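Please open the model in a viewer and keep the sequence panel at hand.

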Amino acid sequence: MLELQLRVEDFDGPRSWRWVLSRGGEFLADHQVVIPEPCWEADALQDLHGHLQWSGVPEISADGESEILTQIGRWAYTYGLGAVGQALIAESVPVTVRLITSEQKRHLALWPWELAVADSRTLASRDIRFVVDLDLQTPARPRAEAGKALRVLGLFSLPDDTSPLNLRRERVALTNLFQEVSAVHRKAIDLRILQYGVTRKRLRDVVNDGQGWDILHVSAHGSATGLLLEREDGSPDLVTNEDLRILLGPLATRVKFAMVSSCSSGASEADAFAAHVDELRPINRNTGSRSDRTSPSPSLAAALAAQLDCWVLGMRYPVDDRFAIELSHRVYNRLIGDATQSPPQALAFALSEWHEQFGRPTLAEMTPILFGCQGADRRLTAPALTGPPLGADHSRQQAFLPSPPVEFVGRAGLLTAASKALAPRSGASGVMLHGMPRVGKSACALELAHTHADRFAAVVWHEVRDDEHVGTALQRFTREFRKQLEDAGLPPIANFDDPGTLDDPDLLARSLRLLSIFLTNNRVLVVLDNATPLLTEQGRWRDHRWGRLVNAMTGHYGLSRLVMTTSCAVPELDDRVTRLPVAPLSTREAALLARSLPDMSALFRAGSRSRETIRSVLRACGGHPGLLLDASRDVVLDVGRPGGFRLAELNDDQLAITHWTRTVTRQLPEPERLLGALLCELEENDRIPWVLRDAWPRLWQHLDRPGTAPPWQSLVRSLEARALLTVERATEQNTFEVEVPPVPGSADSLGTAFTMTGQVAVEIYPGLVIGVHEEDEGVLCIRSHPTVAEAVRALAEPEFSRSVSGCLAELWVRMMSAEALNHPGRELTIMEAAAARHAVPYAARQGTWSEVRHLLEVLFSRDASPETVRSVLPWLRQAADEADAASVRSFCRQWIAQVSGALPTPAENDHNPSGTPGEPAPSTPQPQTASDTWLDELQEAYEQGDFHQVWAI
């Protein structure tokens, strides 16, 4: 491959410079660049990802994206490169252009010049690639060669409270890739993966292990100033570029190649489909742009290249997980396979193959950017394999493990906490994963077992069968325990699986003492999956021998660990067992999982026209992976309906969740049960501390409970520990003011602003955010699975539901009235509109339809957007079903006429002159169309702005 050099001369600012192209010192061409103001093509070239987002991608088609890129590419060739571009094309052979630039001019090197288009072909399609030479003017450092094996360090960091990425899929693909290279090409490779709990300390320990690493692979969130690692509690830890250089500095003695990227894993696409599913939307208070917070800046790759004196492959933009996996596969195969190409050659061939696959310009193809310097020109050589290939050493530990789950997203915080407990000197002896049926407990246990197998001498896996007798289950466990230990080469415990030992209390006690000593001194991971059949509904052992066995496996401070999954919490476990509730996935995580399911991929490929179908699936499933898998098989094509899709009903798994919810709820103390019932009665966008501070004491008093209401914060923690609800909390403690007055009539005085803490606030209504009060313990919002909420509501007395509706309707009407008094003679404020919107469902539940009409008139006078119409549609439908559909239809047409400025044509069915939902019409109503049909048609016509169609409905 021909190599040319391109330098920046006569630099006169970011919009004026001269290119000089040469070959080994021989002048070839130059071009003077002067960028006028304004120039949208140059601005777009600086940030292709941002420009495409602004242009509506991914809403536009792939051809639309290609057309935009082609327009920008023509400018890049004609005005950006000029004669230099012509000289490059004239070479007629694959070319690597080493763009040599100092730090002052480095921003020019970040532009994707491969996009330049001449004669309808990009430079990339002509096998012309650019790499960035940092021009450090320093001598090359001596570099240790690979010893017995090529050592690879993979770093995958995804803290809690960040956008969901499918790093797990990328990690599995990377592991499989190096195992394949090791086995097929007979290369000795030592791979170490860091995921779940990637803290500064853990990274520092691995980097300084005394042997060094040849390859560094990083996939994580980042920004222009650093990379996001994790704190001990799983929260984000922004490590600045300078700190990261210090952390990774010891690698410089051996490392030869690094890849640094942010695998977006379709996160932006999933976000688009997840939007408007959650009524409550946490808002990040940082001022940086979203792209700054999701993709490690190319400047980080440049800084690492300078620090480590090696080639570093970075990413200009966030990339799809499929592209990240494919790029890694092609690059690493060429770097360390039989070809052993240099990084510039490997990248050039990998991207050429990608271009041949699509045959048009793509953003993904322009994303990779390679940084290096003169001293970085060294190739990776993996020693020949003399023993078993990569992964074979751990096959014994994993021999009895089921295959890892094919699709697994989220759970970063939970797995970080569990990984901490599994560490040798954690002080914990085990982990209990508990939660509703099929929520993903077994998948989490499998993920833990597979990712930690190399840190244990043996892994014992045992799954309890649902229909198995308790005594038979114990005998089978002891047999499998002995067999799996023997297979791992560990000495068995004498007579441990003998039926006579299990039936004799003295012999059993002796064996359990030996078991505890054995687990103290040996590093064994025992996984007891699906322990639910062994327990009563109260979480007590049905056979006391199981309790003694589990106590023996957890009653020590030794090296072994127990992981147990169960639907109900076990109160009698040893205190050294870490209890972790497994909650449903967040909406964005659920959308990411849905995107990866084969049966739902067609919906995502269909784009915006299937958005409401996907949202309806996400709402119904509530982040429950099992329900989502079931629903994905029931979502079928139906060309007879708008959008071409329909959602079939979910299967009977909801019955198991309902039964679980009733069992757990009945065992709650009364305060927890009352607060849980209150939260389930609340609308989703009212499950916030700001509402609880007013509604909880009032409800306690209204129900004639003695004394003052217990603090809701402690009750929420108890409900969260039982996996009945999920709590989102702020992680950063920065104080800011929020422009929301306190609730009138509450303990707070009227007219003072709340002081909130946290980098994150909650948007309860478009444009209206509420932060975290200092007494809220960081709680932002509380979520309850829809099936759980329905089961809890069914347990409550009818009077309880009416009491909650009355309290909440009064709260929001009080807020709306106070806001009107504070701003007399002015247009409706956003707070009045928000209060009206929040009060509608509670007024509707009480059957006061005249009040509903008044609230809707207040709301629509301020906000009649399609999103708002969609949000109140269920209550309009309820009014039409329970009262007179014609009056509701008349009311809808009247406010649509008001907001559109048009006058409706009188319709035959406008027979209710009052237009008040729920009030009888003066004449006998004519047969009406089902409300489900005409309200859906009205909404669709309104969203499309087809008011003539509205009048016809």
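Is Ser429 buried or exposed? In this predicted model, Ser429 has 0% relative accessibility and therefore counts as buried, the cut-off being under 20%.

Select Ser429 and display its surroundings. The residue is located in the loop that runs between helix 14 (412-422) and strand 18 (430-434). Its side chain reaches the backbone oxygen of Thr554 at a distance of 2.6 Å. Residues up to four places away in sequence being set aside, Ser429 touches Met553, Thr554, His556, Ser560, Arg561, Leu562, Arg576 and Val577.

Keep His556 displayed and select Ser516 next. Ser516 belongs to helix 18 (residues 505-521). With a relative accessibility of 15%, Ser516 counts as buried, because the value is under 20%. Beyond its neighbours within four places in sequence, Ser516 contacts Ala552, Gly555 and His556.

For the last stop, select helix 25 (residues 670-681) together with helix 28 (residues 786-795). Their axes lie 9 Å apart, and the two helices pack at an angle of about 120 degrees. Helix 25 is therefore oblique to helix 28. The crossing of the two helices is left-handed. To inspect the contact itself, show the side chains of Gly676, Ala677, Cys680 and Glu681 in helix 25, which meet Ala789, Val792 and Arg793 in helix 28. Classified by residue type, this contact comprises four nonpolar residues, one polar residue and two charged residues.

Notes. Residues numbered from 1 in each chain as written. Predicted model: local features only at pLDDT ≥ 70, side-chain atom pairs only at ≥ 80, totals over all residues. Heavy atoms only, no water. Axes fitted to C-alpha atoms, helices over the stretch in contact; angles between N-to-C directions. Helix = DSSP H or I, 4+ residues; strand = E, 2+ residues; numbered from the N terminus. Parallel < 35°, antiparallel > 145°, perpendicular 65-115°, else oblique. Left-handed = near helix turned anticlockwise from the far one by under 90°. Contact = heavy atoms within 4.5 Å. Nonpolar A, V, L, I, M, F, W, Y, C, P; charged D, E, K, R; others polar. Buried < 20%, exposed > 50% of the residue type's maximum accessible area, 1.4 Å probe, protein only. Polar contact = N/O pair within 3.5 Å; in protein donor to acceptor, adjacent residues only side chain to side chain.
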